[in-house]
Every structure is written in C-alpha cells, then in structure tokens.
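Morning, everyone. I have one structure to walk through today. Let me put it on the screen.

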Amino acid sequence: MANNGQPPRRPRPGPWPPAPDPTPAPAPLSWAKRTGFKGRVSGESNASNSGQIALPRPKEPGSNLDLEAGSRDNVATPLPPPPGAAAAAVAVNGEPENRAGGGGGGAVPLPADQTARKSRDSDGGNKSAGSGPNGQVVRFDEPSRHRREEETVTLPQLEEDEEGFPSRQVHIKYELRDSPGLVPIVFYGFQHFLSIIGSLILIPLVLVPAMGGNYEDTSALVSTVLFVSGVTTLLHTLFGTRLPLIQGPSFVYLAPALAIINSPDFQGLNENNFKHIMKELQGAIIISSAFQAIMGYTGATSLLLRLINPVVVSPTIAAVGLSFFSYGFTQVGNCLEIGMMQILLYLRKIRIFGHRIFLIYAVPLGLGVTWAITFLLTESGVYNYKGCDINIPASNTLSAYCRKHVPRMKHCRTDTSHAIKSSPWFRLPYPLQWGTPVFSWKMAIVMCVVSIIATVDSVGTYHASSLLVASRPPTAGVLSRGIGMEGISSILAGLWGTGVGSTTLTENVHTIAVTKMGSRRAVELGAVILILLSFVGKVGGFIASIPDVMVAGLLCFMWAMLAALGLSNLRYSETGSSRNSIIVGLSLFFSLSVPAYFQQYGLVPNANSSVPSYFQPYIVALHGPFHTGYKGIDFVLNTLLSFNMVIAFLVAAILDNTVPGSQQERGVYVWSEPEAARREASMTRDYELPFKVGKVFRWVKWVGL
C-alpha cells in the first residue's frame, strides 16, 4: 500500500546476473523424516511399498486433493513474498498462520519440513502444524507433560538410508546381533518369553477340555508345548530366518483342531477320548507340516508371495482373532466380576516406581493379580453355598438352589483343580507319548489348507520384525527357508503331540516393539530356559489349575490383540484409499457372514445338546450345505468354508489381485535382492546360516541368502 499518498519506493537493483548461492541445496527428505512420523503399532514408519521409503513427489501449483490415494499436500505452496516482508503466511488446513521469515528484501520462506521441525522444537504449549499419517496437515496442541507420557508408549521409529530402506532403529535397545552381557541377556530372554506366555499356554487350556481330557492331561500337554516351543525357537533362530521370533502353538490351527474334535467320527467315543482324538490330530498335523516344508524348501513360497500383500494379510489375521467371539464372553459371563476385573487390568496404565510394567508383563501380572484376589474371595467363603458340593454333578443334584450355584462354584473358585497336587516334579516330554498317530486324508487336507494361512501370517510377521531389528528386510530365499523350517517345526509338534502346528507367533512384533529387545541371543537363551521349565511337572500343573473364567478373560484380550495386530499391517499401504478400505471391509464382512451361513445351514435345534454352545460352529460337517454323496468331500468343503480366516484370505486375495491399484497404493511387500544382500556385510551377518551350513545350500538359490 502507498504511504501518505506517495508511490512505493522501488528496491535498488542488484548486480546482474545475481551471484550464485554458495550454500548447497538441502537433500530431499523422505516422508518419515519430513513429517516426523512415529509408528504407533510396531514401530515402523508408515512407509509405502512396505519398507522402501518413497520420496515426496514434486507438486504442481494448484494440484487437487487426491481422495483415492488418501493423500494431500502438506502445506500450500507459498507465493514469493513482497520486498521487505517480515513474515510469510502459510495456509494450514485453510487457515493462515504466521511463520518466521527473512528480514531482508529477498527473504525466502522456510521449506515446509523445516517449518514443521522448527515448530515441533518449540515449547510444548505452542501450537504447531505437521503432517498426518497420510500426508494431511494436522494441528496439534499438547502440553509437554502429555507429550512425555505419550513418548513412553510410542513405539520405535525407523531411520532411512540413502537407498530408502529403513536402517538402524533409534529406540531399539539391542538389535539382532547385539549381546548385552550374561546377566542382562538372561533377564531379557526370560522377559521375552514371559511377555508372550499367554500365547503358549492358552491353546492347551482350550483343547484338552474339548477333547474330554482331565487336569493331568492338561498339565502334560502344557509341559509338551513349552518343550516343543523352546526347541523349535532354537531351530528357527539358527536355521530359519534367524530373526528373534518365538515359535509356538498358533491360534490359526485352533479352529480346524476344534472342527476335527467335534467331527461325527468321535461322537460315539466313551473312553480315552483325549488320546484317541490326539492321535488323529497328530496324523493331520504331520502331513500338513510336510506339505508346508516342501512348499518352503522347493521355493514354491516365492510364487505365493505374489498374492500376499498387506491388504491380504490384514483381514486374514484379523479374522483369526474375530472368529472366536462365541467363546470369549460366553465363558466370562459365568463369573462376571472376576472376568471383567481381569480384562480391565490389561487396559490400565499402572505404574510401579515410575515404570509401566503392565505394558510389558500384561499377561502374567494380570493373571497373578486376578488369581490373588480370587484366592482371597474363595478362602473368605464368598463362593461357598450351604449344602452344595462341587464334586457332585449338577444333573444329580436335587436342590434347585445347588443346581444354580454349582456351575458358579466351578468357574469362580481357585481350589476346584487338583492338577498341582497330582503333577509330578519331573516330567520328560517324548515323541509319540500319546500313541501312534492316525492318518486320515480328509483331516489332512483341511490342515494343509490351514498351513497356507499360517504361511500368510508368518510372512507379515517376518517383514514387520525385520524392519525393527535387522539392517534390511530378508530376501525371498531367506523367507522360503523360514517357511520350510516352520514346516519341520510343525512335524516335531505333531510327533510330540501338541494338538496344533507350530508357527511364528504374531505377538512377536508387539513384544519386540514394547520391550525394545531384538537380540537373537536373548531369545535363544530364553528358549533354553523354556526347555528346562518344561521338565518341571509342577509348572504345567500350576498352569492347568487356572480357573476357566480367567482363561476366558485372557483369551478375550489375546484374540482382540491378534485382530488388532492383523489390521496394523495396513500401515504399509495407503490406508486412506477407498480401494483398500472396500477390500478389507468386504473381506472382514464375508469372513463373518459366509461361515455363519454354513454353520446354521440345516442345523436342528438341540440336536447336539452334548456339545457346548460355543463349540456349535465347529460341528458344521454334520449339517453343511454340501452333499455330494462322498462324506469325505462333504467334510472338507463344509469345514473349510466355515473357517473365517479361509474366507477372509480368499476374498482379500482375489480382490487385491484383480481390482486395479498401484504398488504404492497396495503397499506391496518389498524384499531385499540376493545380489545386494551378498554385497552388504551387515545383512550377510544378519541372515547367513551358522556353522558354515550356508555353504551346503549355496547351490539351492531359492532358499539361500
């Protein structure tokens, strides 16, 4: 504007051409560095192409909002400032905001990334602007106290190297090849397994009662699971992917195991139900595990990788957790005050001496606190009902008062089990301890299909954990080698008789990110400790004596976390894309709707009153819609299509590979190239087999480094 009616003074022209600026232009920043993004689920940056950080594209002036790709410009491109301007107005979410600019006539406003960084470095109470997970500009205004509290639960952030791959992790205390010393490594190894103990003990606590076993059988099966988990974890860290991943009984195998247990072939058994059904499960697991090992070591997994992307992995794993909703609260409701108290303990941010130990030891501490309170209630007589005996079946009780309260006594009291007293101090699990396996082709086919779902689960876990602890994601050969070793591990699980196959537990990613411990040696030492504990029979007896309602409360938490971890794989893709949202939504919807159709088709009410209501979905072979005249084919089709995870995988895989979408939008997994891996010494040390075993496999290119 003119001052006092006088025209504005023109600036004195400088020399022409202008002298070149000696300061070099800053290198373009990656998306994670430019936005300061920190992963909230498992610590990785929200990188496109699942690990390969894409540099921001130059935006044309006036570019429009891209709703399909879920992105928008971070900051509106500022116009050149007028001479003598002291500040530049930058539009943030449509509102102008003053930014610090240059004081001279030729001052240039700060770049968007530097402006956001400067704002973040200022006082915590000041308003600043940054970019959200998909590039949208957001405004945040948090006190410094809240920010510090948030940083305690913020999971590790990745740094990127010149090639765009995530490199060294800032917040991981010990990475893959680090060795913190003897005393810390013992502590961290035991901590790693203790934080994931719920996944190791829950399946025996569900399977044995469904198979007609007693507390002694549960105690023996728990000891067997601990032994096999320790052995297979050692094998995987030595000869598999060599990532610090715990192997154990997977919830992926739980649904097919329950379907086999409730098949019509076992409805008429009266004696030795547990051992007879266990031998059938062993035969099916051994055959399916051999199929998985062949698929891995022949390189067939590389063909499957073309179908496995984050948009496929997310609903598949989420469906595993959501498929058991009929079991969770159905059991918790039998003793509501105990079950809900346990679930709420898992959600509380309890601090002891300033440490959020419940964040790491949620499962063992939640069980311990709930058990102590339940024990006090039992000893104080809260669950004593006059004239009622818990050892007398409810069907033989004449009093309506006792018929009402005896089930409550069984679920709420801590003294109903005699597993600790009856368990021996020393027990050595051994192969074929339940008898010779029985092989059935129809049950083996069901398990073979489920092993493919387990492979999908493991692929997502390999990728996420490698971004946390390793220098690079593994090659396709290392991944195939890991799947082959999982097949061998499941063969061992079938020989020892754990009831389900052994695979990489999805909870590993959450455990590594929360404990900040990615040392391979710590996990190996923890596996040795787990093997030694399996020899103590009282440990299995102690776990077998956990009240049913506490088991159900823990299952509610574990299955919910499994569903959340599955959906967290979407961070590798464009989460704001309508394409991805529709595919995931349809996959989850049909994974619940289609099995419900199969499970209710032709169902006669009260026809199977001997089977608990929460096991009704797994007896679909008796009344499914397929009736081809061959009972074996009917069993396979009706059973497989009643599994939520199978439907989710089929729908997601078909839609993701047929609906058009770019690789960045789909978030296609990017694995390291073998040639680059051999040239990089750090990656060779991460994934190369020990004891010069790798030389034997050099001629097998599809499973080598």
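Start with W441. This tryptophan sits in helix α17. Together with I445, Y630 and I633, W441 makes a nonpolar surface patch of about 440 Å². Keep in mind that this is a predicted model.

How many residues does the largest nonpolar core have, and which of them touch the most other members? The core has 117 residues, and the ones with the most contacts to other members are L207, F251, L254, I546, F643 and M645. Helix α17, residues 441-469, supplies the largest share of this core, with 13 residues.

Take I546 from that group. Leaving out residues up to four places away in sequence, I546 touches I201, L205, L367, W371 and V551. There is also another core, apart from the largest one. That other core has 7 residues, including A563, I583, V584 and L588.

Now the overall numbers. The protein has 705 residues, and 52% of them are buried. It is built with 28 helices and 8 strands. Look at contacts with a sequence separation of 6 or more: 80% of them join residues 24 or more positions apart. The accessible surface is about 32400 Å². Carbon and sulfur atoms account for 61% of that surface.

On to the cysteines. The structure holds 1 disulfide. Which residues form it? C335 and C412 do, with their sulfur atoms 2.0 Å apart. Where do the two sit? C335 is in the loop between α11 (325-332) and α12 (336-347), and C412 is in helix α15, residues 400-412, so the bond ties together parts that are 77 residues apart in sequence. Why is this disulfide called right-handed? Because the torsion about the S-S bond is about 130°. Buried or exposed, these two cysteines? Both C335 and C412 are buried.

Two further cysteines, for accessibility. C448 has a relative accessible area of 16%, so C448 is buried. C556 comes out at 23%, so C556 counts as partly exposed. The cut-off for buried is under 20%.

Last topic: salt bridges. The whole structure has 4.

First pair on the slide: R177 and D686. Their closest N and O atoms are 2.5 Å apart. R177 lies in the loop between β6 (166-169) and α4 (182-195), while D686 lies in helix α28, residues 681-687, so this pair ties together parts that are 509 residues apart in sequence. How accessible are the partners? R177 is at 37% relative accessibility, so R177 counts as partly exposed. D686 is at 2%, so D686 counts as buried.

Next, D656 and R579. Here the closest N and O atoms are 3.0 Å apart. D656 is in helix α25, residues 644-656, and R579 is in helix α23, residues 578-600, so the bridge ties together parts that are 77 residues apart in sequence. Both D656 and R579 are buried.

D656 also forms a salt bridge with R666, with the closest N and O atoms 3.2 Å apart. R666 is in helix α26, residues 663-666, and D656 is in helix α25, so this pair ties together parts that are 10 residues apart in sequence. R666 is buried, like D656.

R579, D656 and R666 are linked in a network of salt bridges.

That is the tour. Over to you.

Key
Residues are numbered from 1 along each chain as its sequence is written. This is a predicted model: local features need pLDDT of at least 70, side-chain atom pairs count only at pLDDT 80 or more; totals for chains, interfaces and linings use all residues. Side-chain values use heavy atoms; hydrogens and water are left out. A nonpolar core is a set of buried Ala, Val, Leu, Ile, Met, Phe, Trp, Tyr and Cys residues joined through side-chain atoms within 4.5 Å. Buried means under 20% relative accessible area, exposed over 50%, partly exposed in between (1.4 Å probe, protein chains only). Helices (H or I, at least four residues) and strands (E, at least two) are DSSP runs, numbered from the N terminus. Contact means heavy atoms within 4.5 Å. Accessible areas come from the Shrake-Rupley method with a 1.4 Å probe; for residues, only the protein chains shown count as cover. Patches are made of residues with over 30% relative accessible area and no salt bridge: like charges are joined within 9 Å, nonpolar side chains (Val, Leu, Ile, Met, Phe, Trp, Tyr) within 5 Å. A salt bridge is a side-chain nitrogen of Lys or Arg within 4 Å of a carboxyl oxygen of Asp or Glu. A disulfide is a pair of cysteine sulfur atoms within 2.5 Å.
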